[in-house]
Amino acid sequence: MERILNTIGISLLALCFLLSLGRIAWKSAARTGESASDRVEIRIAHWQLEGGIREAIDALAEDYMRLNPGVRVLQIPIPERIYKNWLLTQLVGGTAPDIIQLGIGISDERLARFFIPLTEVADAPNPHNTGTPLEGVLLRETFFDGMMGGFNPALLEYYGVPLSAHTLRVYINMDLLRDITGSEKLPQTYREFLDLCNQAVEYGRRTGRPLIPIAGSRYNSPFIMNSLFASQTQRLARALCPPGSFDLGAIRFSSTYADGRWSLDSPEIRSGLKIMREVGGRMQPGFMQVSRDDASFYFMQGKALMIATGSWDSSSISQQAKFPFRAFRIPLPDREDPEYGEFVLGITSEAGTNAGLTLGVTSTSKHPETAIDFLRFLASQPVNQKFTDISNWLPSVVGVNPSEATADFMILTNGYTSGFTLVPSGRADLSRLVNNAFHRLVAPEGGVEEFVEIIRPNFLRAQLSDSERNLLGMLSTIQRLDVQMAGVAGVAALQPDDENAARRMDMIIASSNMQENSLYNQRFVAEKLRERINEGDQ
Amino acid sequence: MIEGLTSRESFLFRISPARRLCPAVLGGALLAIGAAPVIAETAGDAGEAATPRQELDSAWQQASRFLFRDAHEGFNAMEGGDAGEARMRRLGLAVTTLGLQPRTQRNIQRAELQLRALIDENPSDFSGRFARFYLARLLETHATTPDPEAARELYYQLLLEQPGHPMLELAASRIAYNDLYTAGADPGALAAAELSLRPLAELLQTPAGRREFHTAVAFTLNELGGDPQTALDHALIAAEIPNPLPQMQSTNLLLAAGLAAESGRTELARHYYTRFVSEFQRDGRNYSVRKILETMPSGPEESTTVQPAHGTDS
């Protein structure tokens with residue numbers, strides 16, 4: 001009996017093994033057959049699940065397949081929440097799709113290891129633009145941002161082809177606007193905006209249906225709050241910058257603070273906090289504890305008149321909201337504003353916006369030429385027009401007209417540089433300090449003075465700890481850059497006639513010098529902050 | 001069942017030796033069948049062996065794309081090649097050791113020894129010159145206890161003896177940062193430091209080396225509140241040598257314009273502001289600069305041809 005069982009076991013094992021072998025052989029044969037018949041499959045993965053995007057990509061894929069009958073384009077939309085983990089598994093397992101949206105989960109090293117540089121593609125005309133006004137123009141020059149959205153400044157190569165762009169806007173429920181004001185006129189100035197908020201509150205009281213003027217959340221509120229605060233530091237920022245510079249940046253923020261050139265008592269800062277309190281009072285109570293989805297629900301359900309978010313939400317809102325809506329720029333005070341005009345230069349420019357929804361080609365792609373050709377196809381003027389028309393997202397290619405729905409979101413280039421916010425980008429401790437006390441700024445029983453007195457004792461210390469952390473990060477970047485630079489020099493030495501190698505060397509020289517400049521400056525400023533703290537300042 | 005044996009052992013004991021071999025033969029046969037395609041594929045892939053130069057190129061390519069461990073292993077596995085290639089391989093090993101994670105004191109010391117050995121053998125060939133530069137970098141930014149003075153001395157010797165490579169001429173910028181930030185915001189010390197840096201400009205032979213040196217001095221003087229006229233002299237040279245990074249080219253133009261305005265040279269400022277407006281139309285600062293131009297008073301006519309500062313940029 002035992003002998004029989006063992007024989008059966010071994011036979012089963014052998015059978016399974018042979019079956020597996022047979023299946024692999026069959027799949028290989030099928031693949032060979034496919035290549036023999038020139039059938040190519042291109043898979044494209046992204047996390048843009050907002051309404052309209054999948055439909056647009058499907059439609060463009062259909063067009064491409066019609067032009068190239070031997071190609072099949074397959075779209076793989078992945079939820080943003082799991083995108084990073086999914087992507088890593090695919091990349092490491094060697095099963096990644098041919099085309100992947102760049103951004104989440106893609107470090108410089110992963111980009112270098114798993115993606116194909118597209119610099120040569122960027123430096124050549126796009127054949128799919130033949131017969132358009134962009135015929136013969138280098139691919140990178142066909143994007144409104146010069147394809148900077150696809151350029152990796154660390155690797156000094158283009159790695160992606162961008163399809164769209166985004167701007168920040170205030171969305172407004174037009175039905176409610178009409179009910180409240182009796183017209184469809186959008187607020188043009190800060191005063192009109194504030195007035196509309198007050199009318200919305202009054203309308204809610206009158207109808208017995210409480211209405212939130214602006215749906216706030218820890219995700220949405222900073223869009224509007226930071227813009228308003230920065231409007232009050234526009235002139236101050238210009239005054240604090242050294243000659244020829246327009247951007248205060250995180251290092252100069254601390255440097256000028258340490259020098260005593262501004263403080264939490266500066267009138268511009270007080271005015272910025274006051275305007276944030278003013279608008280924060282028009283959001284629902286406790287908005288900083290509310291998630292993005294909850295704020296969206298308030299707006300979608302007609303419980304809030306307005307919400308501040310990016311153009312990326314436009315297609316989703318248009319699909320889910322049961323009311324017509326429009327979008328307008330966050331209305332900043334103008335120079336004539338009686339209360340806030342003194343510190344304002346004027347509306348801010350969006351000209352520095354880079355294109356997004358950037359797609360790269362993986363190095364494991366079995367058909368990289370086709371994948372690149374499909375990206376060129378997507379980036380051609382007529383196809384980008386169709387993408388915009390279907391998705392209602394902004395175009396990335398010059399000369400493409402916005403769809404009717406995207407007109408409110410177009411990038412406005414005529415505007416001044418922005419002021420600074422109370423938390424410069426990448427300053428974690430300062431952010432924690434300010435955010436932890438923020439509820440006291442906007443609470444009815446709180447106020448500007450109370451908020452300032454909460455953050456003041458640690459304002460300098462938080463800047464120092466952020467600067468020290470930044471220094472470590474910068475040092476690490478420079479150490480990596482040093483080794484990379486040797487690699488670039490080595491390649492250039494072995495390929496003296498390679499123009500791209502020479503260009504990369506020139507770029508890395510400039511980039512390295514820029515990084516070193518920042519490192520020394522940050523070190524100097526950290527020392528200044530330390531001295532101020534040692535002197536007992538806050 | 002045989003006494004003292006488990007049922008499986010008694011089964012194996014009972015069957016004949018030939019039968020006992022059966023599972024092993026079967027297993028071996030299955031393994032052979034399974035392995036055959038892999039072996040065939042591997043043999044197919046083997047192809048022609050890469051030359052040492054190709055291997056070097058491949059490893060440097062990997063280093064240039066942040067794949068430091070792969071590059072290090074590539075350099076490590078290389079064999080053969082001429083003397084120059086062998087030295088380049090050793091340079092690659094030393095430099096990529098600095099990029100290995102986790103960063104350890106041992107690796108840094110190992111890299112230092114390798115770099116010093118390369119310099120001792122020949123300080124003047126490609127590998128020797130780069131070894132000198134990287135030894136300075138190691139002492140300045142990679143060592144656990146940095147030695148900026150020793151690094152400065154190495155940079156200076158390299159510039160004196162072996163200029164002419166744009167990357168190695170970054171040594172001048174490194175000296176400039178060290179000296180100017182050591183002087184700090186004290187105007188007298190800053191002016192003296194800038195004065196002592198001027199001879200360095202005479203040593204630079206490549207446009208990129210000059211561009212980056214003058215950019216470093218102009219930016220640092222501007223940031224530390226140094227004399228705007230002196231900073232302008234450097235900024236003008238930097239702005240006239242094309243920069244491959246658009247954000248740096250645009251910033252250099254604005255720096256020259258801003259410093260010219262600060263120095264009262266209105267027409268020169270107008271020249272650079274106008275260049276910026278026309279060359280960087282998509283820049284977020286374009287509108288602000290146009291507004292500055294609109295309100296700029298007219299100044300005395302002035303040549304916008306840049307004179308080399310201190311006769312360095314001939």
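**View 1. Seven salt bridges, as the rule counts them, link chain A and chain B in this predicted model.** A salt bridge here is a side-chain nitrogen of Lys or Arg within 4 Å of a carboxyl oxygen of Asp or Glu. One to look for joins the side chains of B:R65 and A:E157, at 3.1 Å from N to O. On the side of chain A that touches chain B, α1 (2-36), α4 (108-114), α17 (448-494) and α18 (499-534) each supply at least two residues. Helices are DSSP runs of H or I with at least four residues, strands are runs of E with at least two, and both are numbered from the N terminus.

Residues are numbered from 1 along each chain as its sequence is written, and chains are lettered from A in the order in which they are written. Local features need pLDDT of at least 70 and side-chain atom pairs 80 or more, while totals for chains, interfaces and linings use all residues; side-chain values use heavy atoms, without hydrogens and water.

**View 2. The interface of chain A and chain B as a whole.** Here 70 residues of chain A are in contact (heavy atoms within 4.5 Å) with 75 residues of chain B. About 6400 Å² is buried between the chains, 63% of it from carbon and sulfur atoms; this is the accessible area (1.4 Å probe) lost on being put together, summed over both parts.

**View 3. An open sheet in chain A, in the order β8-β9-β7-β10.** Its 4 strands show mixed pairing, where a pair needs at least two DSSP bridges. β8 (212-215) and β10 (325-328) stand at the edges with a single partner strand each, so one side of each lacks a neighbour in the sheet. β7 (168-173) and β9 (304-310) pair in the antiparallel sense over 5 bridges, and A:R169 has A:T309 as its bridge partner.

Notes
Buried area = accessible area lost by both parts, 1.4 Å probe.
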